[in-house]
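Please work through the exercises below with the sequence and the model side by side, and try each task before reading its solution.

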Amino acid sequence: MNKQERLRDMFQPSDSSTRTMRDLISGTEALLRSTASYSGSEIEAARDKLKLQLDAAREQAKGWERAAWDRAREVSHATDEYVHENAWKSVAGAALIGLLAGMCLMSDHWRR
């Protein structure tokens, strides 16, 4: 798996605000489709206003997604640079964390 795929998997839209925004957009699209056969100047005006708001919401969601991807790339590059510049510190830190986790698991195992 390359770096781009790992980034994409890490930052899949999984938080509730993203899901809520997508649900709102799809619900609004469904409402517009279901009312397409209705007529009248008030309904047409309301539908036009809703379409404009939907387009604005889509653009804002795209902006948020782009910002999240940009931030994820920045974090990824910074982490990559740190690990390359401090390889032994990174290895030692990972080994220490692994050792501590193993000790906790072993002590829990022996208590039973």
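The exercises that follow concern a predicted model, and they go from the overall fold to salt bridges and a surface patch.

**Exercise 1.** Determine what secondary structure the protein chain has and what share of its residues count as buried.

*Solution.* Begin with the elements: the protein chain contains four helices and zero strands, and along the sequence they give the pattern α-α-α-α. Next, turn to burial, where 12% of the 112 residues count as buried. Finally, consider the surface, for the chain exposes about 9200 Å², of which carbon and sulfur atoms supply 60%.

**Exercise 2.** Find the partner of Arg 58 in a salt bridge, and decide how exposed Arg 58 is.

*Solution.* The partner is Asp 55, with 3.2 Å between the closest N and O atoms. Both residues belong to helix α3 (residues 41-85), where they are three residues apart, or about one turn of the helix. Because buried means under 20% relative accessible area and exposed means over 50%, Arg 58 at 27% counts as partly exposed, and Asp 55 at 40% is likewise partly exposed.

**Exercise 3.** Locate the salt bridge that Glu 74 forms, and describe the spacing of the two residues.

*Solution.* Glu 74 pairs with Arg 71, the closest N and O atoms lying 3.1 Å apart. The two are three residues apart in helix α3, so about one helical turn separates them. Elsewhere, salt bridges with shared partners join Glu 29, Asp 55 and Arg 58 into one network.

**Exercise 4.** Identify which residues form a nonpolar patch on the surface.

*Solution.* The patch consists of Leu 96, Leu 99, Leu 100 and Met 103, which together have about 400 Å² of accessible area; Leu 96 is placed in helix α4 (residues 87-111).

Methods
Residues are numbered from 1 along each chain as its sequence is written. This is a predicted model: local features need pLDDT of at least 70, side-chain atom pairs count only at pLDDT 80 or more; totals for chains, interfaces and linings use all residues. Side-chain values use heavy atoms; hydrogens and water are left out. Patches are made of residues with over 30% relative accessible area and no salt bridge: like charges are joined within 9 Å, nonpolar side chains (Val, Leu, Ile, Met, Phe, Trp, Tyr) within 5 Å. Accessible areas come from the Shrake-Rupley method with a 1.4 Å probe; for residues, only the protein chains shown count as cover. A salt bridge is a side-chain nitrogen of Lys or Arg within 4 Å of a carboxyl oxygen of Asp or Glu. Buried means under 20% relative accessible area, exposed over 50%, partly exposed in between (1.4 Å probe, protein chains only).
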